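Welcome! Have a look at the model first.

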Amino acid sequence: MNPKFASYLGLAMRAGKLVTGDENVLKAIRSKKAALVIMAEDASPNTLKKFRDKCNSYEIRLIECGNREALGAAIGKEERVLIAVLEAGFARQMVACLGIPVEVKHIDKSR
């Protein structure tokens, strides 16, 4: 796992901008409070399908990163499979430090 990514996860956790666990992450997705969902690469196939479909239907970015031990260690907890980032600024920084292009909306200046 990228050390900078892990650092941002820990910072977001201390700021109270993360939720973990199936039910809490699902609630954040449904309420559209989640800016980003992070899933461990060793998640079960059922969890993977469920959260890919849910994030896709609610148009929330999902990334698979690290294993459950690494995700838990990054936030100072035990093993974690799912994490939802609730703040867009943290989400942008995390995506950027992984080298994934951040989606930018075009601004039409002709108006």
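**Exercise 1.** Does R68 count as buried, partly exposed or exposed, judged by its relative accessibility?

*Solution.* Start with the ground rules: this is a predicted model, in which local features need pLDDT of at least 70 and side-chain atom pairs count only at pLDDT 80 or more, while totals for chains, interfaces and linings use all residues. Residues are numbered from 1 along each chain as its sequence is written, and side-chain values use heavy atoms, with hydrogens and water left out. Next, take the classes: buried means under 20% relative accessible area, exposed means over 50%, and partly exposed lies in between (1.4 Å probe, protein chains only). R68 has 24% relative accessibility, so this residue is partly exposed.

**Exercise 2.** Find the salt-bridge partner of R68 and say which parts of the chain the pair ties together.

*Solution.* Step one is the term: a salt bridge is a side-chain nitrogen of Lys or Arg within 4 Å of a carboxyl oxygen of Asp or Glu. Side chains of opposite charge can pair when their charged atoms come close. Step two is the partner: R68 pairs with D42, and their closest N and O atoms are 3.4 Å apart. Step three is the location. D42 sits in the loop between strand 2 (36-39) and helix 3 (45-58), and R68 in helix 4 (residues 68-74), so the bridge ties together parts 26 residues apart in sequence. Helices (H or I, at least four residues) and strands (E, at least two) are DSSP runs, numbered from the N terminus. D42 is partly exposed too, at 33%.

**Exercise 3.** How many salt bridges does the structure hold, and where do D53 and K49 lie?

*Solution.* The count is three. In one of them, D53 meets K49 with the closest N and O atoms 2.6 Å apart. Both belong to helix 3, four residues apart, so about one helical turn separates them. D53 is partly exposed at 41%, whereas K49 is exposed at 53%.

Another bridge joins E64 and R52 (2.6 Å, N to O). This pair links distant parts of the chain, with E64 in strand 3 (residues 61-64) and R52 in helix 3, 12 residues apart.

**Exercise 4.** Which residues touch the most other members of the largest nonpolar core?

*Solution.* A nonpolar core is a set of buried Ala, Val, Leu, Ile, Met, Phe, Trp, Tyr and Cys residues joined through side-chain atoms within 4.5 Å. The largest one has 35 residues, and L9, I38 and M94 touch the most other members. Helix 5 gives the most to this core, with five residues.
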